[in-house]
Structures are given as C-alpha cells and as structure tokens.
Amino acid sequence: MFDLGGKRALVTGSSRGIGREIALSLARQGADVCIHYLGDRNEAEAVVTLIHAAGRSACVAEGDLTDTDAPRSIVAAAVQGLGAPIDILVVNAALQVPQSLADIDPESARRQFDANLMGTVGLIQNVVPDMKQAGSGRIIHIGSVQQWRPHPDMTIYAALKSGIENMMRNFAVQLAPHGITVNTVSPGVIETERNRRTLTDPAYRARVRERIPIGRIGKPEDCAGVVAMLCSISGDYITGANIPVDGGMSLD
Ligand SMILES: NC(=O)c1ccc[n+]([C@@H]2O[C@H](COP(=O)([O-])OP(=O)(O)OC[C@H]3O[C@@H](n4cnc5c(N)ncnc54)[C@H](OP(=O)(O)O)[C@@H]3O)[C@@H](O)[C@H]2O)c1
C-alpha cells in the first residue's frame, strides 16, 4: 500500500536528522531521492550511497534557503539528477534561531522567514508546474509541535511553523484540482543534532519526557512512516491535514 516505485522525491535537509530518515524510508518504498544539504557534502553522499545500496537512484543538491535563488537551483539539481517530474517534495530543512522576546532581532528573524517560509514557497513554486502537467503530486511540510505549544525560546521559529501550516492548507485547496495533495507532519521532541546536547542533561531530559504522554523522546524514524504513507496511494484522499508525530505532546 505504500509502494513508491517509479516516483522521484526531493527531501530538503536530508543529509541528517529527520530528513535523512524520511529520504531513506521513501527509497525503501521504491522512490528515487534527491538529498538536499547545506553544510556537509560527505554526509549527503553517505545517504546517497545507502540509497544506491537499496537499489534506487539518488543525487545531491546543495543550497542555502536564505538565498532567494536557492529553491530554483535545488529543484533544478533534483531534476538534473533524477529527471522530471519531481513527484514528491518534502520540505524538511528549517533554520532555527533560539530567541525569546527580549532577544528577537530583525536580521535573525528575517533569515528564518526567508529560509523557512519563503524557502517553502519557492520550492513549491518550482515543483508545481511539472506536477500540474503530470496531474499528480505530493507536498509535505515538516511542521512542529510548537504550532500548539510554542517554546518561549523559539518565538519566531514557532510563529513561522504556524504560518506555514496555515499556508499549506491554503495551497491544499489551490492544488487539489490538479491532483496534488499538500499536508503537514508535525514532530514533537525528536532526538537529532539540533537538541542532542540539551537532551544529554538528565534533569532536562526527564522534564521533557514528563510532557510527553507516551513517555519517551522520539526518534527520526518515528516521523518517516507517516510521510511514506502520505506519499503513497494510501494518501490519495488526504490533503490539508496536519498530523502530529509527538507521542501526544500536543494534547497536554
Ligand atoms: N528535532 C526535533 O525535535 C524537531 C521537532 C519539531 C520539528 N522539527 C522539524 O523537523 C525538521 C528537521 O529537524 P531536525 O531535528 O532533523 O533538524 P537538524 O538536524 O537541525 O536539521 C535541520 C536541517 O535543515 C537544514 N538547514 C538549516 N538551515 C538551512 C538553510 N539556511 N538552508 C538550507 N538548509 C538548512 C540543515 O542542513 P545541513 O545539515 O546541511 O546544515 C539540516 O539538514 C525541521 O523542519 C525542524 O523544524 C524537529
């Protein structure tokens, strides 16, 4: 039911963390995948090697999403590496600058806006024409539990996650007539590079765990299955949804 054979996917920020597990999971279901990265080409190439070992095609695309031209060049690299159309776009990369009220500065706020919100718009604008021509497509944004429970140190990041989720529902309506579904998958606390250092503090880790009804911190793999489902035929009638993958944290 989750067969993705013959599909081409672009997953941003997929050299590590949640994006890496999503990319590997899509490849395991049969998709060819473009690995987008910003920092470390070797990490991205390592994911490509794993995908090749699984018998699928893969390529890399570099790009800083704070640059206005990056969405275009990232999608162009994906098309060059895999061919057209890109059937699946997973917008996973996100810039997070910890800032509470007193710390917010326009420059950091603007960089997060450019990378996260305008980067998402640009990526979608660049994949949609081919998806429309094909009459089908899947677009997934990786949101956050912070839409429901904003962390006081992440004001702008959390506000942008909420704004993008709203925008995805808007795009879902605009693109449904073209056979393109648009959804949000919203992780809770998932242990990755981003939070590994803070989570090594046992007292902090225990406090975080107490806020998660399922009683454990998430793993990147926890987020991958639902994305594969949404990208498959099983997701055909699901659009404009926002699916938490958070052990119940958003309920608290
Ligand atoms: N981990 C969590 O607890 C958690 C919770 C809720 C939501 N999320 C969301 O899940 C997604 C993945 O998170 P993660 O924890 O796996 O994060 P991560 O390990 O910090 O990875 C973030 C990714 O975003 C990329 N990135 C950052 N700034 C960028 C920019 N300016 N241009 C292009 N790419 C950029 C990074 O690329 P490089 O590695 O190449 O630098 C990296 O691949 C994000 O959207 C995040 O907001 C995570």
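Visitor: What is the order of the strands in the open sheet of seven strands?

Guide: This is a predicted model: local features need pLDDT of at least 70, side-chain atom pairs count only at pLDDT 80 or more, and totals for chains, interfaces and linings use all residues. Residues are numbered from 1 along each chain as its sequence is written. Strands (E, at least two residues) and helices (H or I, at least four) are DSSP runs numbered from the N terminus, and two strands pair if DSSP finds at least two bridges between them. With parallel pairing, the order is β3-β2-β1-β4-β5-β6-β7.

Visitor: Which strands stand at the edges?

Guide: An edge strand here has a single partner, so one side of it is left without a neighbour in the sheet. That applies to β3 (58-62) and β7 (242-245).

Visitor: What does the twist average from one strand to the next?

Guide: Axes are lines fitted to C-alpha atoms, for helices over the stretch in contact, and angles run from 0 to 180 degrees between N-to-C directions. From one strand to the next, the twist averages 20°.

Visitor: Which residue in β5 stands opposite Ile 88?

Guide: β4 (88-91) pairs in the parallel sense with β1 (8-11) over three bridges, and Ile 88 is the bridge partner of Ala 9. β4 also pairs in the parallel sense with β5, over four bridges. There, the residue opposite Ile 88 is Arg 138.

Visitor: Are the residues of β4 that point either way buried or exposed?

Guide: Ile 88 and Val 90 point one way from β4, while Leu 89 and Val 91 point the other way. A residue is buried if 20 or more other C-beta atoms, placed from the backbone, lie within 10 Å of its own, exposed if 12 or fewer, and partly exposed in between. All four names given are buried.

Visitor: Which residues come nearest the ligand?

Guide: The shell around the ligand holds 28 residues (C-beta atom, placed from the backbone, within 6 Å). Helices α1 (17-28) and α6 (193-199) each supply at least two residues of this shell. Those that come nearest are Gly 13, Gly 17, Gly 39, Ala 94 and Thr 192.
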